4 protein chains.
Amino acid sequence: MPEVTFEVDTDSAPDEQPGPNPFNRWHPDIPAAVEAEPGETMRLEALDWTGGQIGDNDDPNEVRDVDLTQVHYLAGPVHVEGAEPGDLLKVEFHDMGPLNDRSEFGFTGTFSQQNGGGFLTDHFPKAAKSVWDIDGYTVSSRHVPDVRYEGKIHPGLAGCAPSHELLERWNEREGDLVERYEADPESIPNHPTGEAEPPVANLPTPEGAQMGEMDPEAAEAAAEEAARTVPPREHGGNHDIKDLSIGSTVYFPVYVEGAKFGIGDFHASQGDGEITFCGAIEMAGYADVEVDVVKDGMDRYGVDHPIFEPGHRGPTFEDYVTFCGYSVTEEGEQRYIDSHTAYRRACLQAIDYLKEFGYTGQQALHILGTVPAEGRQSGVVDIPNACSTLAVPKGVFEFDVSPGHLENRTDRGELLVTDDPLGE
Amino acid sequence: MPEVTFEVDTDSAPDEQPGPNPFNRWHPDIPAAVEAEPGETMRLEALDWTGGQIGDNDDPNEVRDVDLTQVHYLAGPVHVEGAEPGDLLKVEFHDMGPLNDRSEFGFTGTFSQQNGGGFLTDHFPKAAKSVWDIDGYTVSSRHVPDVRYEGKIHPGLAGCAPSHELLERWNEREGDLVERYEADPESIPNHPTGEAEPPVANLPTPEGAQMGEMDPEAAEAAAEEAARTVPPREHGGNHDIKDLSIGSTVYFPVYVEGAKFGIGDFHASQGDGEITFCGAIEMAGYADVEVDVVKDGMDRYGVDHPIFEPGHRGPTFEDYVTFCGYSVTEEGEQRYIDSHTAYRRACLQAIDYLKEFGYTGQQALHILGTVPAEGRQSGVVDIPNACSTLAVPKGVFEFDVSPGHLENRTDRGELLVTDDPLGE
Amino acid sequence: MPEVTFEVDTDSAPDEQPGPNPFNRWHPDIPAAVEAEPGETMRLEALDWTGGQIGDNDDPNEVRDVDLTQVHYLAGPVHVEGAEPGDLLKVEFHDMGPLNDRSEFGFTGTFSQQNGGGFLTDHFPKAAKSVWDIDGYTVSSRHVPDVRYEGKIHPGLAGCAPSHELLERWNEREGDLVERYEADPESIPNHPTGEAEPPVANLPTPEGAQMGEMDPEAAEAAAEEAARTVPPREHGGNHDIKDLSIGSTVYFPVYVEGAKFGIGDFHASQGDGEITFCGAIEMAGYADVEVDVVKDGMDRYGVDHPIFEPGHRGPTFEDYVTFCGYSVTEEGEQRYIDSHTAYRRACLQAIDYLKEFGYTGQQALHILGTVPAEGRQSGVVDIPNACSTLAVPKGVFEFDVSPGHLENRTDRGELLVTDDPLGE
Amino acid sequence: MPEVTFEVDTDSAPDEQPGPNPFNRWHPDIPAAVEAEPGETMRLEALDWTGGQIGDNDDPNEVRDVDLTQVHYLAGPVHVEGAEPGDLLKVEFHDMGPLNDRSEFGFTGTFSQQNGGGFLTDHFPKAAKSVWDIDGYTVSSRHVPDVRYEGKIHPGLAGCAPSHELLERWNEREGDLVERYEADPESIPNHPTGEAEPPVANLPTPEGAQMGEMDPEAAEAAAEEAARTVPPREHGGNHDIKDLSIGSTVYFPVYVEGAKFGIGDFHASQGDGEITFCGAIEMAGYADVEVDVVKDGMDRYGVDHPIFEPGHRGPTFEDYVTFCGYSVTEEGEQRYIDSHTAYRRACLQAIDYLKEFGYTGQQALHILGTVPAEGRQSGVVDIPNACSTLAVPKGVFEFDVSPGHLENRTDRGELLVTDDPLGE
């Protein structure tokens, strides 16, 4: 195995690590914790995205009560010798796995509408939780029976540090969105309609910020402007792309000297969209990465977002049940080419379908969030309806979930759902 | 081969067919042209979606000048004995192909902003056209050199007739959208910003309507309320799902006695989203379908949109270059979880990338619209950015299009682009 | 579709075709029936391999009584301008299908031990037959219930004409084998042990020979030395490679001026090995081929046998039940690294397994001969046992054939088996 | 990770392990080293098959001088509670990897003709060696440049202990073979023709035997009759099936109380046939297995050899160059349906082809032995020629190895080949 250049201890708090502390904000001045040469391969370890707030137990309130100011705890930054703004950082993922030798637990959560909500929060406002066993690559959950499959492991989050200019741009545009929302909530399409009013964006906050090995005083100032790790942005970041699995090669835009690459938020498996929000099978994990520099790559390849070549390692599935959605809301309102609504409708069709086989809605939601389901932008031009499809692999179920097999309907228990959505 | 129960003549106009005339509107009262028993297999033929307006020539003005009131010309309706509202119509696609024995031409068009535009119409406002040779399953184009691949043939459009009630609902909600747009164009997100102001929806119009074998007088009245075939809706319709290829089984909701199934708009191949609007390789074609009825299927399976099981027949690809987009507009405006914008940005990244290998932007657009590219809703929960990805199969190119292979840059000619966008 | 340059009529006898007669021997002097330029695409049609001796009926004696001196009836020879000995003829398969527009019947036969036998003839000495419906790509048989799948269409037989020198070499070495056999039958390993004593090779015979458009007198002389089409040889010929399906590109060695390419023996589907002898789903069919010449290709690529690049078109399967065999005979005799015996044992294991689900042995044999099963040379070095494996795709069955699903055992009828093996 | 129930130390000799000693013979009386309950998951570790005789260095004489009486060193035996003769032992492979946390070296060897030889020993009589880096799943070798791929990890060897009766049968039939060979070497087809005369089988020998935790005295007696682990047999054993990778489920016949399962000979990757003999990428490794018992499974499933369901985890490849071989020897002798010869000829074609791209023959041999190449029994009925094919995945090369890309020919160095084949 390659040298572990960033090591974590899952038994210690994120800010009390024996080794370097992980970081949870994007800022150009967070000092590099690892130095690497082009061509070098190293192992980087990361805590789960919450830094250990959710355990292998049956308490859904842990999900309800997660402190989201802390997330996500990342390995790095890695300084790659010779990388300069305008370059692409080439990162090859030779291997990934859970910590502690490839066999641990993972968790999936439905977030409470009071605490950020999620894609289907109007339909599932209460926090819920499932715990997954990770046995090699094979995952299963005592809370979601009759589902068992080889996961598609990937880092939810990876990217290089922004420059000061880019950071400023991020803060401006996200601040604008918050202002627009506050001025007129109705002007923001697809924001959940419930009472809870989750935020439309997470602006910088020093609360919960952990600035790696930065000098405390400087860290406090920097945290005021450091970008949250919640959204993906043009550097990559929290893009939650399930296909970025073992064997993939990614080219990340570089904005600062040395690139300052960070990675974390490992998922044992995820469906396209990560629709439960904390929807993948979340875990502490490692990646064995080889880094290299493509000089002037952004200009030469005409890109300013990451590009990647997915690996040849599956799992692969051939048999799917596919669901369709169009951009008409649940209330029957016609939207204009709205792929978000279309995908939500497709997911809801799938949930209703799975309920006919005996799952609860929350269980079905956790299935869709975790299995390697393909969520496609099937049609985006046929005004006024976008068409999105969700293809659910049959092979992840231990029974035949095809149409025509309702004989497989049975009671499948239920998920851990919080009683008290407000946690009061 | 199964009996051809709906036959067309590509040398005759859509309203002068030797056999039954195709229909181009959705209305419950269009009489069935074909009668079928459950379990029966038949061949259904359809003209290309425009009814022959675009030919195998080098004139892009044909695309600019298409009369869109006429589209799409469909085979059927097929009355399936015993099908009743609430059932699902099971349709198995045993085979599909171009007419005239599997080897003809197809076409792809970028629509003029003046005539409906499309997904990237702000970037490509002028009409353009490419002509494709269909040689068995293998497609190639004299206008897009060095691309040649086995297509993923499918019907862009298929579904059962709506009931009167459903039709009314469609007309209401789409009318509402038009009203909202007219009241405040800014209130409709993602509508193209150019001067041309393409419509947000196509409301019923008797102009260009062809009501199959309906009595002329009744047809005239029905055409006033008959739904256009442009958008997909909960019955399926124009959903443009590339994965609905040979070997697939689809379950369509039934709304009227006998189902009145229609099909057409065959594509020799298409990328997810059909992003050039007339973006697939459009052709006249046939489908060999076996029909059956699942009694009370909508309720029993918990669905009110089509579901399907894709076939095992490829083409399959393993090697991709994947592009990412996030919901920030080209102008830098932050949108809230907007998968439409995210997908557009991913497509634009891919176009810029392909330009580095020597294609023009319009050529790149036609590549993305036609090859079996995977457009995924990768992340839909990480506020405020949706993440969409576009995975382009390397195997469709006759050169290595991987990062690291810019030595393959060469002049690749250009597409047929109209000089005069207005056609005046 | 490309021009049909070699057309057949399935309603006429092989020697009474309205167009050019097919040929059924390999000889350099059979004149070309088709002229082609490099880069040209054309359609070539062929009768089924027996020339119509077996029909869509329930009479297994047709298989028992087949006249094998006649086989195989091929399309061509095609003379490709500029092809010379030492070149490789590049043939791209753009499309293939059954005649009469892609939907006809096919047949599978177990040959009688008295008439050539086959791989498992000691176990299944009696002739048997199954008839298959070909519905687009989907095949099924009234004689083998609960099996239905998309086939992997391919030509069993394709190659260029031998030179006089090569022909002579073939005749010599096959004559030697016959002599060795006649001198000492025991010296020929793996020859069936039954009383029937099928031949070890088919030497030239004018009986049943059809020499294409050759002058009758010359034909009679040439037929005395013309090679039978039964075995594959270094030119390709009857290699029965299931993976040579739509989208494949093959490079065939050229031995005579113009290449004189021939093709036929189309199969709607076949498992590796074609273990029932007439084991694929045999049919009349066509191929759309593009031909080109690679000058001096044999030397430049270091090959003197065909090489090919398989296409991307499936069907693809993910789930298999795999069976193992080792080179110990059914009687317990240890063979030395004998992959033939190992594969036979693996096939017998699979047959016994399928019998537990309710099939007869002959049905199971026809399943293994026709579905796209993968027969692998898994181990060939671990003395004294070769290990061969047979991977049977689960997806071809309409029930779950996995271990653990014996609840799916039911009576599945039986195959058409001849009563009187000798036909006397 | 599951509990390590059988642990090895790669720094200690096989007979000086800190934990239980591995065993290298099959005998019913070797006592169980591990006790397991049905449903239990555990980790089993094994030394490389030679027990550490070959190191990460550039000395090919290590391969030449391997002591083959010692091989293969296995983990176990595992006693599974309740398993009885006639049952099937169900073994699910949840994970596998090299020891020491998934990143170590592996080796591939061409055996000297003097020391066992191999499949192509007449063509490559001298011992040779390549060393491979295993970086996560990605393998590459300093001795075989421009090849780099994700391997298909699997145990070369796994199975249950034979009963006394079965053991006796093995010894009898293998002894018979040796006798027949000694009586008349010519009577054994496919035995290498070189002077070295490698054995046709390895009969029991106490030399080098390691009988696990057996009492020394009993061990000495048992070793006289204990079966060598070299060949696969009906219990599985050394079957070298590359598809038995992560996620597979195998059903092994049980012959003794408790099954006494053993496993080892891990390969980071292998091509079908393992044609260099020591041809896979050999390594020390572990498997996480879940064991269960299928009562009376041999009878109920009609099998007496292992069957398995391969996993969904790749790597998967789509693009291949495929080579054909027929059962005519290199000298032009016609064999009767001889798949061994046919496969050898296909492999030789592939080697000659790769040489045109700049590899030496020995390098090409090591490529074919290690990459996930598909070796198929394509045709086994077309007398007198069997047809075997070898499909080499293009994606394992870092350049385009397709026909038409000879511009990629370059000097690629050479393998470590021993100077002195006899080691004298």
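Author: Two residues are in contact if their C-beta atoms, placed from the backbone, lie within 7 Å of each other. This is a predicted model, in which local features need pLDDT of at least 70 and side-chain atom pairs count only at pLDDT 80 or more, while totals for chains, interfaces and linings use all residues. Residues are numbered from 1 along each chain as its sequence is written, and chains are lettered from A and ligands numbered from 1 in the order in which they are written.

Take chains C and D to begin with. Of the interface residues of chain C, 99% are also interface residues in chain D, so the copies meet through the same surface. Two copies of a chain are related by a rotation about an axis and a shift along it. Chain C is superposed on chain D by a rotation of 180° with 0.0 Å of shift along the axis, at an RMSD of 0.0 Å; the superposition is by least squares on the C-alpha atoms of residues with pLDDT of at least 70 in both copies. The C-alpha of chain C nearest that axis belongs to C:R376, at 2.2 Å.

A rotation of 180° with a shift of 0.1 Å along its axis brings chain B onto chain C, with an RMSD of 0.0 Å. The two copies are therefore related as by a two-fold rotation axis. In chain B, the residue whose C-alpha comes closest to the rotation axis is B:G314, at 2.6 Å. Here 100% of the interface residues of chain B are interface residues in chain C as well, so again the copies meet through the same surface.

How many residues of chain B are in contact with chain C? There are 25 of them, and they touch 25 residues of chain C. On the chain B side, β6 (88–98) and α2 (99–102) are the elements that give two or more residues. Helices (H or I, at least four residues) and strands (E, at least two) are DSSP runs, numbered from the N terminus. The most comes from α2(B), with 3 residues. By type, this side of chain B has 6 nonpolar, 12 polar and 7 charged residues. Nonpolar covers Ala, Val, Leu, Ile, Met, Phe, Trp, Tyr, Cys and Pro; charged covers Asp, Glu, Lys and Arg; the others, Gly among them, are polar.

Contacts also occur inside one chain. Chain A is divided into domain 1 (4–309) and domain 2 (320–417), with bounds that come from an automatic or database domain assignment. The C-alpha centres of the two domains of chain A lie 26 Å apart. In chain A, 33 residues of domain 1 are in contact with 30 residues of domain 2. On the domain 1 side, β7 (105–110), β8 (128–135), β10 (144–150) and β17 (277–282) of chain A each supply at least two residues. The largest share, 6 residues, is that of β10(A). This side of domain 1 of chain A divides into 12 nonpolar, 12 polar and 9 charged residues.

Helix α3 of chain B (residues 164–183) has 20 residues and spans 28 Å from its first C-alpha to its last, close to the expected 28 Å; the expected span is 1.5 Å times one less than the number of residues. Its buried residues are B:L166, B:L167, B:W170, B:E174 and B:L177. A residue is buried if 20 or more other C-beta atoms, placed from the backbone, lie within 10 Å of its own, exposed if 12 or fewer do, and partly exposed in between. The face turned away carries exposed residues, including B:E165 and B:E172.

Last, a single residue. D:F124 lies in the loop between β7 (105–110) and β8 (128–135) of chain D. Is D:F124 buried or exposed? D:F124 counts as buried because it has 23 C-beta neighbours inside 10 Å. Leaving aside neighbours within four places in sequence, D:F124 is in contact with D:T110, D:G361, D:Q362 and D:L365.
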